[in-house]
Every structure is written in structure tokens, then in C-alpha cells.
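Please brief me on this structure. I am new to it and want the main points, grouped by topic.

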Amino acid sequence: MSLAFLRNDPHGRPLVTFVLTVLLLVVFGAGQGALLSPAVVRSTLETFGDTGLVALGLGLTMVIREFDLSVVGVFSVGGCIAVLTGNTDPWTGLLLALALGMIAGLAQGWLIVRLRLGSIGITLGGMLVLSGLAYVLSENRSLPYDNMQVALALTQPIAGVFSIRSLLTLAFFVVAALVVGTTRIGRDLIAIGSDRRAAMIAGVNVNAIIVGVFAFSGATAALAGVLVSYSLASASPAGLSDVIVPAATAAILGGVSLSGGTGRPLGIAIGMLILGVLHAGLNVLGAPPYAEQIVMGAVLLVVAVADGPLLLRRLGMTKQLIKPGLISGAHRNG
Amino acid sequence: MRIDAPVRWRLNAQRLSFMVALLFGVLAGLCLGAGTADAGSSTGKKVLMLQSFAAHPYVVAIIKSFRERAASYGMDVTVEAAGFDAALQARQIEDAIARKYDMLVIQAVSEQGVVPSLIRAKQANIPVILSNNPIKPGTENLYVTFVGQDQNEMGRIAGKAIVDALKAGGRDGGKIALITGALSEGIGPRRLAGIKEVLASHPKIQIAAVEDGHWSTAPSEQIAGQLYARFAATGGLDLVYGMADNQAVAAIKAAQAAGISVGFGPKQLAVVGGNCLKEGIDAIKAGQMYATISQIPTDLGRKEADAVNDYFAGKTLPKNDLLPVELITKANVDQWQARCTY
């Protein structure tokens, strides 16, 4: 039953991984009891709020079997633009950064469909251009953001465990999940990721969806950059945070496959929560700084191996062998 | 008995003097003990050390010496590192506030980005000691003390060393290039300002290039190679400065690869380093590098643990608790060798 759930429900595997991760941490933290505290929940949600939006955009590009490397550049240039233009009115900075992120996404998406090029090359170019732009705009200086009220408001705890940032990120995931789960766009995304030619023949407007997904990814990466910059009251051309590794990890943990066609927004959200709870949990357990990376890598590796079609097929075969009593029978005879 | 009496008295006198001596000894010991370290005022305090990153011998040495000293005070120390991720460090500070640490020792990733988190820590009444990396001016009310070096002063010492290195080759001026640590904020720009301040009074020394090597060896070697190629047509460079010794030694290697003679002779390329490291000390001994500047992580780690203990002992700490910085040249390299090797 569990295998069927794992295979058939797009949220099954991420959910199981999440539960297993929490269980593992609880087992390791046995006797400490500190793991199930509001502080850990809040820390998990803050990690979610920091990188979740990037993971959502990037994850959706992975669903359609593309990959948006430019999120790195959009994230840092978005923060720089917001801090440079939003000192008096934070909304101006936010809108300008969002506009730039969306335009960058549109442009890259258009190049990809128009020239029929792979997204890695185009978005690698995009990443370099945008990161360079961040250095030019900031003159290779860390930029201060003087509106400290905005900074403190964004991270102020709400109901103990949330913040404006994490709630906003959560809202984006809910809307994305609704759109993907209940509209035609969702089915089209999966269709394009699974078999682009078949999707085209079936009448899906493949080009429009690809351009749209890249525009969305650009906008979410820019928004994430703005939120992090505003809440740290600064912007840095080098980017204030390493986003692409955790974002891609979250997407993969969340059931998105690099070969496209699988994964849902809620799965990506769960992937993000896995990262968050690992970070917060290991922290509480007092693990040394490098341990987190090792554990994260190990979890990712386990998921990647479990994700392999070969393994599932083998498991399926074992099941078939057990069912008619072949294995147990052989064992008895031997 | 009678005969015994004076003997016993003598014995008693000996015993008495011994006991008095013992009493004085104990008293003196107690006074001394109280005077040295107030041992125990930070016993059992939960202290969190937040490093900007942990993958560098300098930082590893700070952590190690801090842990050792803190353990002697009986502190309960936890160390976390942020891998140069300012957002991660902000989350670590938020977590630390939620978990009610008694004290935070922070090496800030971003001099600007750490400020909102420090405001939160202050609101939560958690004292903060800043380590090594200076932060945005005007935020002095957010931390107890800064333990580190005067980076402007280190820049000024480097500036003077640059002038002296050129003089050693009989030059009263020349074309120089500076390969720096990260210039976007923190230490890099402060040290650069110190250098420029000194060189302003030496108009014959021309800063031909300032390149950001991000404290890293490989990019610095590349940058140096490009600089040599760029200035080859216009007579070459007279001096290269690497803000940290790994960068300066990278510049020496690039010069050797480009066939440029390194040393302080009239036609040679002079090299000045900083943040003394083993490779820099070796280069000074080999006559390839003119000077470096002391920056000793073990002293820093110990001083930070002392500062934490002093805080809990109720002492008033200076806003800036600065380590001495000294110029290291061939003349005094031997006495620094051990401390710069970690």
C-alpha cells in the first residue's frame, strides 16, 4: 500500500521523507525534548521563508524539464534594486525589482522557445549578466537599507512561529498549488515536462507555458531577493544568501525530477520544510557546522536513489516474487 | 617533662610559624586567584559563537583557542558557522534568541545585514560580543565590545611597509598594484582606506590598480598574472601588495610563472603581504616578500573568551578591545614564526 502511495500520489514521497526526517531527528534528540518546541518550528518556517520562493520558481522550471540558473542573479540584483530605490517607499523598490525579475524571465523564456535552445545555456548567461548588473548597480559595495522599520517588521514573529516573510511564501505556495492542481495549466505543465512533442500535438500552447514559467521563476526569485534584502536591511552584489543549492535540493526532495514531468508546488513546499527542519533540528542537537551539509547530502542521495525507476522496479519485482511465494518457497526448499 | 618543655615549645613555635606561613600562603593564593581571572563568573553560561564561515585555518584557530579558554572558565560553548551566508547568519541569531543563550559572540558575515538581528538580540536582552569583523558605524549601542584589530591601522602599517619596500630597492616612488580581500564591506575597504591615507603623502607612488581577490588564493594568482601582462608594456610594476599572505604568495608565484624577478632590488618586483601566515613567513625568510603584518587568531580567541568572562564578572568592557598589530620583516620574522603558523 505504501509503495502504491509513494508511486501514485505526487505528494506521497515528500511527505514520507518529511515524516521520516522528523522521526529521525526526534530519535537522535531523544531525552532532550527540545526538538518539538516553537523555536524549532519558527526556525523551520524562517528557512522556508528565505528560500521557498526561489525553490517554487526553480522547481516549476524543473517540472517542465528546464532549469533556471538565473535565479542566482535575479535574487541578488532584485535585492540591490529594491534597496537602491526603496529607501523612502519600500513598495517602489519591490515593484521595480519584481518588474526586472519578470522581464529577465520573459526574455530568457522567449530566447529558449524562439531559438529552441536548452535552458541551461541561456539561464547561465542570464545569471552572469544579472550578477554583473548587481555589481555595477552597487559599485561592488554592500548597500545599506536605512528603513529599519521595514526590516524589523518583516521578521517580527506572528503567532509565535510565523513572520510576514514565511506567511507570504506560504501564500504563494497555496496559490500555485491551487492553480496547478485545479486548472488546465497544471496538467499542461506536467504534459510538457513528460513529453513535449505529445503535449504540442495534444494542443498545449507549449511556448506560452515555457515563457510563463520562466517569467514566474524570475518574479519569485526577485521577490525572495527583495524580502531577504529588506529584512537584513542591506543588499550585496554577491547575494546575501546561497539560494540555488537549497532551492534545487528542496525541489528534488519535494518530488520534482530533473527529467521533468513530476512534482507539485505542495511537494516543493514539503521539500523546503524538510530542509528547514533538518537545519533547525541539527542546530538544536548541537551538531557541528559541517554535519548539516553531510546529513542534507545523505538525505538527498537516499531520495535520489529511491527516485530511480530501477529501484522501484526492483522493489516491484521483489513484491511480485514474494506474492506467489517464490522466494519463501525457494528458501524453504533450500 | 621539664626538660621536655622547652623542646615542646620549640616544636610548637616551629609548628606555629609553619601554620602562619600556610595561612598567609592560602590567603595570598586566594587574593591572587581572585585577581587573575575571576574564574567561575561565567561558569555554566550558555555561549554561542557564530562564525561567518569555518573553512579557513584562521577561523579554525579562533574557534579552537576560544573553546579552550572558555572551557577553563566553565562556559557551555556552541559554535555555528554561516558559510558567508548573511541570511543564514540572521536565522542563526534568531534561533539563538529563541533558545535563550546567555551571550552571543558574532563574527558578522555582513556589516550591514547583521544590524536588524543585533537589534532583536538587544530587545531580547542577549548581550553580543563582536569578533574580528567590524560592523556599520553608529551601531555601537548594539554590542558590548568589539574584539579584533584596528583595520585602518593595519592598512596604515601596510602603507608604510609599501613605502619602505620601495625605498629598500632605492625607489622613492613607483607603480604599485593592490590585490585585496573582499572590498564590498568589512575589513577590505577599511584596510584599503588606511593604505591610501599613507600613500596620499607620497605622490610619486602611483596606485595603478586595485583588484578584489576576495581573500582567495586562486583568483589572486589569476589577477596578479593579468596585472603583470597589463603593465608589461609600460615598464612593469614596482610592487604588488596582497592583503593576506596567501594572496601575496599567490602574486609571487604568478610573477615567477611570468618570469619576473621578485625581491627588493632596484629592478625587482617587491611584494608586501598581510594577515601573517606560514607561507608569508617562509617568503620573508626566502627574501621574496618584504613584510607582513601580525594577526594572531589564537590571541583573538582567548581574548574573546576573556571578554565574555569579564562581562559576566560585571567588569566594564571597552567598546573596542583591540589586539596589537605589528609589522613583520626579515629583522623580526623569527620571533613571529611560531605564532603565525597555525
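In chain B, residues 24 or more positions apart account for 76% of the contacts with a separation of 6 or more; two residues are in contact if their C-beta atoms, placed from the backbone, lie within 7 Å. This is a predicted model, in which local features need pLDDT of at least 70, side-chain atom pairs count only at pLDDT 80 or more, and totals for chains, interfaces and linings use all residues. Residues are numbered from 1 along each chain as its sequence is written, while chains are lettered from A and ligands numbered from 1 in the order in which they are written.

**Make-up of chain B**

- Chain B has 11 helices and 12 strands. Helices (H or I, at least four residues) and strands (E, at least two) are DSSP runs, numbered from the N terminus.
- Of its 342 residues, 50% count as buried. A residue is buried if 20 or more other C-beta atoms lie within 10 Å of its own, exposed if 12 or fewer, and partly exposed in between.
- Chain B is divided into domain 1 (46-148 + 297-322) and domain 2 (151-293). These bounds come from an automatic or database domain assignment.
- The C-alpha centres of domain 1 and domain 2 of chain B lie 31 Å apart.
- In chain B, 5 residues of domain 1 are in contact with 5 residues of domain 2. The domain 1 side of that contact divides into 1 nonpolar, 3 polar and 1 charged. Here Ala, Val, Leu, Ile, Met, Phe, Trp, Tyr, Cys and Pro count as nonpolar, Asp, Glu, Lys and Arg as charged, and the others, Gly among them, as polar.

**Confidence**

- pLDDT is the predictor's confidence in each residue, from 0 to 100.
- The mean for chain B is 90, and 88% of its residues reach 70 or more.
- Chain A averages 88, with 88% of the residues at 70 or above.
- In chain A, confidence is lowest in helix H16 (residues 326-333), at a mean of 43. It is highest in helix H5 (residues 90-114) of chain A, at 98.
- pLDDT stays under 50 over residues 326-334 of chain A, where the model has 4 contacts beyond four places in sequence.
- Where pLDDT is low, the predicted coordinates should not be read in detail.
- The model scores ipTM 0.84 and pTM 0.84.

**Nonpolar cores**

- A nonpolar core is a set of buried Ala, Val, Leu, Ile, Met, Phe, Trp, Tyr and Cys residues joined through C-beta atoms within 7 Å.
- The largest has 141 residues, and B:Leu104 and B:Val308 have the most contacts inside it. Helix H11 (residues 206-232) of chain A gives the most to this core, with 17 residues.
- A second, separate core of 55 residues includes B:Val163, B:Ala177, B:Ala250 and B:Ile284.
- Beyond four places in sequence, the contacts of B:Val308 include B:Ser42, B:Val47, B:Ala70 and B:Ile129.

**Where the chains meet**

- The contact takes 28 residues from chain B and 29 residues from chain A.
- On the chain B side, strand S2 (76-81), helix H3 (86-98) and helix H4 (115-123) each give two or more residues. H3(B) supplies the largest share, 8 residues.
- By class, that side of chain B has 12 nonpolar, 6 polar and 10 charged residues.

- Helix H5 (residues 151-168) of chain B has 18 residues and reaches 25 Å from its first C-alpha to its last, close to the 26 Å expected. The expected span is 1.5 Å times one less than the number of residues.
- Buried residues in H5(B) include B:Met154, B:Ile157, B:Ala161 and B:Leu166.
- B:Gly170 follows H5(B), with a positive phi near 75°.
- The 25 residues of H5(A) should span 36 Å, and its end C-alpha atoms are 36 Å apart, which agrees.

**Selected loop residues**

- B:Tyr143 is found in the loop between strand S4 (128-131) and strand S5 (145-148) of chain B. B:Tyr143 is buried, because 21 other C-beta atoms lie within 10 Å.
- B:Asn125 has a positive phi of about 60° although it is not a glycine. B:Asn125 is exposed, with 8 other C-beta atoms within 10 Å.
- B:Asn275 also has a positive phi, near 45°. B:Asn275 counts as buried, with 26 C-beta neighbours inside 10 Å.
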